[in-house]
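Thanks for asking me to look this over. Here are my notes, as numbered points.

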Amino acid sequence: MTDFPNVDFEFIEEEDTLFDENVRESKLQLAERIYKLMEWLSKRAEQVVAISTHSGWLLTIFNGVLECDDKLKGWFQTGEMRCVKVAFFNKEPEKKEKETTKE
């Protein structure tokens, strides 16, 4: 990927292991997968991230995963780009692991 030296392609896989031509992902499964992505993104150090995907996926992000302004919830047109700032808030306090002691 020498054409884009400033882009990290570390997590791009050659083969899509999630795709199954015989099974279509449900809307709930899609939302859960996007939620996991957002959890992963919340732990990353980068402050600017680009996500390039199809409009159905983006529609699910803004209507089923993120809390956002209604202006972002509409259908994306072909090639449309929207810049958004996402803030992550931890709603639940992190659970501390119990200390274990040997007796």
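1. A definition to begin with: a residue is buried under 20% relative accessible area, exposed over 50%, and partly exposed in between (1.4 Å probe, protein chains only). By that scale Phe 11 is partly exposed, with a relative accessible area of 47%.

2. Please keep in mind that this is a predicted model, where local features need pLDDT of at least 70 and side-chain atom pairs count only at pLDDT 80 or more, while totals for chains, interfaces and linings use all residues. Residues are numbered from 1 along each chain as its sequence is written, and side-chain values use heavy atoms, with hydrogens and water left out.

3. The protein chain has two helices and zero strands; these are DSSP runs numbered from the N terminus (helices: H or I, at least four residues; strands: E, at least two). Of its 103 residues, 12% are buried. The chain exposes about 10,400 Å², with 51% of that supplied by carbon and sulfur atoms; the areas come from the Shrake-Rupley method with a 1.4 Å probe, and for residues only the protein chains shown count as cover.

4. Which residues of H2 are buried? They are Trp 57, Leu 58, Thr 60, Ile 61 and Phe 62. Their cover includes H1, with contact meaning heavy atoms within 4.5 Å.

5. There are three aromatic pairs, counted when ring centres of Phe, Tyr and Trp (its six-membered ring) lie within 6.5 Å, with planes under 30 degrees apart called stacked, over 60 edge-to-face and the rest tilted. In one of them, the ring centres of Phe 11 and Trp 40 are 5.3 Å apart and the planes stand at 80 degrees, so this pair is edge-to-face. Phe 11 lies in the segment before helix H1 (27-42) and Trp 40 in helix H1, so the pair ties together parts 29 residues apart in sequence. Trp 40 is partly exposed, at 39% relative accessible area.

6. The salt bridges number four, each being a side-chain nitrogen of Lys or Arg within 4 Å of a carboxyl oxygen of Asp or Glu. Among them, Arg 33 and Glu 25 have their closest N and O atoms 2.8 Å apart, and Arg 44 meets Glu 46 at 2.9 Å, N to O. Another joins Asp 70 to Lys 73, with closest N and O atoms 3.6 Å apart; Asp 70 is exposed at 60% relative accessibility, whereas Lys 73 is partly exposed at 29%.
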